[in-house]
Amino acid sequence: MAGKSSTLSDRIKDTMSRASLNYFDSHTRPAQDITRASTSRRKPNATHSLPELDSPFKRYHNSTWIRPYWHAFSLIVTLWMPNFVLSLLGKKTPGKRQAWREKIALCFIILLITAITAFVSFGLSLMLCHPVVPISRHVLAMHGVQAQQQLVAVRGRIYDVSDPRDSSVLELTDKELGGDASALFAPFPIDAQKCTLWPNRSARNCFGESGPRLRCIASTQAWTTLRRCQTTKWVVLQWKDVLRKANPEQLFVYNEFVYTLRPYMDSDNHYFGPMATMQLRKLVGTDATLAVSRSTMLQALVPCLNAQLRVGRIEGEPVGCVITSGVTVAVTVILNTMILVKLACAVLFDWAFSLQLRKITKHFTRGTSTRVPHVLVTVTCYNESEQALRNTLDSIALTNYARTRKLLLIVADGDVASNADARTTASILLGMVRPLDTSVPRAQPYMAIGEGPRAFNAATVTRGTYTSSNGISVACILVTKVGTSFERTSCQPKPGNRGKRDSQLIVMRWLRSMLMNDHLTPLEFELSRAATQLTCVHPDELEYVLMVDADTELDIESVPRLVAAMERDTRIMGLCGETRVANKRDSWVTRIQVYEYYISHHLSKAFESLWGGVTCLPGCCSMFRVYARKHGARVPLLVAPDVMRAYSTRETHTLHAKNLLELGEDRFLTTVLLRAFPTRKLIYVPRAVCRTTVPREFSELVAQRRRWINSTIHNLLELVLVRDLCGTFCCSMQFLVLMDLLGNAVLPASVAFCYYLVGAACMGQAVAVPLVLMALAFVLQGAMIVVTTQRIGYIYWMVIYILALPVWNFIMPVYAFWRFDDFSWGRSSTHADDNDTRAFITADERLALEPIPLKRWKDWMRDNKSK
């Protein structure tokens, strides 16, 4: 065991040393400009292999000071699990084993936060609040020799001596039962040892008298018996007994306990000393807690007072219970106040912003003004059915925005079979788009974001028009990722499929190259030529990009509202509309999602919009500003070098990077934009409505939310480190992100806390205030529904959502946390075994792919005049 421990310790030290060296090297090497804008000095017809874009997350997490400590912490937390056991459990590669260790470390932190929350909610009460069963002296007198339960008081505490054997050992007479027998018992040894002022301590005397008494019970057997008979009950005295002027017992109160000075004052031996005795006389008839705490001499006497002169407790709730109740109420009030503030701000934002956008200017819809910007509407498709695709494309064509100012770009992510029939999604789209050229488009090579052999891919570009069912036509470009020749000819599953992020990057890289007048790949040139022919403008005039999922239907005024919001505030770099559930009545699974979608937009996103930092622009319907105009120049935003570097990274060697890049590309793009431009705005636009199809089966919902929850946790971890966000300290976007992160971590604990409050209320405990405040939060949400949507029916969906809270806040988070290292979703589209590299791509195709020719726009046009 010693050798094994030494080995693990050496591994931890070696990990920290190597990571520290990496940090030093990365900060001493000169920085490399990896943007393709730097290629402007190349020869016009140069060929160049696309550079491997560096990952800022790789630099941030592997080369900064935090990475070696996090790696070491994950090893320490999982010392109990050696590598060979993980290998037997299927974690055969070092990366999988490290991902598992980091998952356990994250779960450990979440459990620690949950434990702290549980301690504040429950443990603090158990530690400080010790409920006391009060018994007055009158009630105690009723438990004498004739009573069924015989009680006796010794220094304020009640002892049950109903057993005759106990009474005989304690030598109690009938007269002493039901009364105070403190004078008969010497102090317990453990209490007597704390008092240094007792005379003749070795004599085990009663009340410290030097002379012998007729009866002084001080045997070990008597002490043991008395301890066994101890109860939780105390003699409780009223304040009027202590504060009255005529006080023959000379009572005073200290820290909830009542003491009597009569035995001490009646004694001839005032062994506390004359000064202390004088001070004690002044305490009679008062609450001496403050006076004793201020006097060092009196504080030294407290052990003696407890051992000899205590007679009971004062009436009222114990201080510990008052403190814990106050903490519980304070925490509940703070949480509910935050909810109320969010509700008020959300309603205010909905009113104010909706009034500003209510009257959309006519030139956005008619296209009669040169200031109506061009909008590129991108639709990423995977395996959707023909009906779902047609509904989405029809809704885009029917939007009340100038047809001459919008361009539809559809990206089919591989030759993937539709979920409705045997046809592929790509073939369905080819049947919907009417091409301008009947020739078969050529597959153009490009570098994808996959790892290993899947970094190579090819795509075709079809330019034409899409005509809706109502006969409205819109200019359309169809990009079909067809894969390598080996994929197409060897019956590989899903040829060309590289994921949604790769589809988005095809568009973003193209827009970046055109905006920066950079060299174009063949695929980018085909996109530029198609866009120019269809819109009669240069592609760098495409100022906004609207990203839409293939299962989403846009409202007729959604695009004009989004564009109007962009035009009214040039600091906005991205925004989203309200996503509603299209299939809300399909099953109970869809029903519980209706209000969740509503509250996430009208509460969370509306509140974040006031700070200008919506933390997630959903892929259903989000618009981005490609560039901003500043002093006559164009400043790239969506296609800025920092954004492109982060979003186009290929290597994901850490658990954090995998959760960021492989589980939630929409939220990750939002995070990247906030990190790159923290002073610009990402907002939510009410009334820009779209409808999406949500999972119908519970297994589908759990799988989806598992990805979303894990992606949310890791993206919030990124944002909480951004210091330049709006606001300062607790009134800042950074603080809100931290609260959101902690809130997601303790979701299961919140469910347990709610059930605890309900159970405590059923048992008669005083938890009415927290319950009322929690109920008030839901009542105010109902009021928000009436104010923002004027649709009472959403209250019905709110009730269903409340009934499903254990599913949302317990089952799904716990499942997601334990599956932190599960990247099965989307991994097959970008990952492949290195052993398949030679078989995946032929030698001839490798020559065609790498190097990829890069030319400027005018050079491509000169070389393709005949086409």
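Arg856 is buried in this predicted model, with a relative accessible area of 14%, a value that falls under the 20% at which the word buried stops being used. Arg856 is found in a loop, the one that runs between strand 24 (852-853) and helix 36 (857-863). Although Arg856 and Met514 are 342 residues apart along the chain, their C-alpha atoms are separated by 9.3 Å.

Val548 has its place in strand 15 (residues 542-549), and Val548 is buried, with a relative accessible area of 2%. The C-alpha atoms of Val548 and Pro618 are separated by 9.1 Å, while the two residues are 70 residues apart along the chain. Which residues does Val548 contact, leaving aside its neighbours within four places in sequence? Val548 is in contact with Val377, Thr378, Val379 and Thr380, and also with Thr392, Leu554, Gly619 and Cys620.

These two residues can be set beside values for the whole chain. Of the 867 residues in the chain, buried residues make up 53%. Among the contacts in the chain with a separation of 6 or more, 76% are accounted for by residues 24 or more positions apart. The secondary structure comes to 36 helices and 24 strands.

Helix 18 (residues 425-432) has the buried residues Thr425, Ala426, Ile428, Leu429 and Met432. Seen down the axis of helix 18, these buried residues fall within an arc of 160°, so they line one face of the helix. What do the buried residues of helix 18 pack against? They pack against helix 17 (386-398) and against several strands, namely strand 9 (374-381), strand 10 (406-412), strand 11 (433-435), strand 13 (456-467) and strand 14 (473-481).

**Pairs of helices**

Two packed helices are described by the angle between their axes and the distance between the axes.

| Helix pair | Axes come within | Axes cross at roughly |
|---|---|---|
| Helix 17 and helix 18 | 10 Å | 45° |
| Helix 26 and helix 27 | 10 Å | 5° |
| Helix 29 and helix 32 | 8 Å | 145° |

The axes of helix 17 and helix 18 cross at roughly 45°. That angle makes helix 17 oblique to helix 18, and helix 17 passes helix 18 in a right-handed crossing. The contact is made by Glu386, Leu389, Arg390 and Leu393 of helix 17, together with Thr425, Ile428, Leu429 and Met432 of helix 18. By class, this contact of helix 17 with helix 18 has 5 nonpolar, 1 polar and 2 charged residues.

For helix 26 (residues 665-676) and helix 27 (residues 698-719), the axes cross at roughly 5°, which makes helix 26 roughly parallel to helix 27. In helix 26, the residues Arg667, Phe668, Thr671, Leu674 and Arg675 meet Ser711, Thr712, Asn715, Glu718 and Leu719 in helix 27. When the residues of this contact are sorted by class, there are 3 nonpolar, 4 polar and 3 charged residues.

Helix 29 (residues 747-762) and helix 32 (residues 805-818) have axes that come within 8 Å, and helix 29 passes helix 32 in a left-handed crossing. From helix 29, the residues Leu747, Pro748, Ser750, Val751 and Tyr755 meet Leu805, Pro806, Asn809, Phe810, Pro813, Val814 and Phe817 in helix 32. By class, the contact of helix 29 with helix 32 has 10 nonpolar and 2 polar residues, and no charged residues.

**Two residues with a positive phi**

The report ends with the backbone. His631 has a positive phi of about 55° although it is not a glycine, and His631 lies in the loop between strand 19 (627-630) and strand 20 (633-636). Is His631 buried or exposed? His631 is exposed, with a relative accessible area of 79%. Arg687, which is not a glycine either, has a positive phi of about 75°. Arg687 is found in strand 21 (residues 681-692), and Arg687 is partly exposed, with a relative accessible area of 26%.

Technical notes
Residues numbered from 1 in each chain as written. Predicted model: local features only at pLDDT ≥ 70, side-chain atom pairs only at ≥ 80, totals over all residues. Heavy atoms only, no water. Buried < 20%, exposed > 50% of the residue type's maximum accessible area, 1.4 Å probe, protein only. Helix = DSSP H or I, 4+ residues; strand = E, 2+ residues; numbered from the N terminus. Arc of directions from axis to C-beta. Contact = heavy atoms within 4.5 Å. Axes fitted to C-alpha atoms, helices over the stretch in contact; angles between N-to-C directions. Parallel < 35°, antiparallel > 145°, perpendicular 65-115°, else oblique. Left-handed = near helix turned anticlockwise from the far one by under 90°. Nonpolar A, V, L, I, M, F, W, Y, C, P; charged D, E, K, R; others polar.
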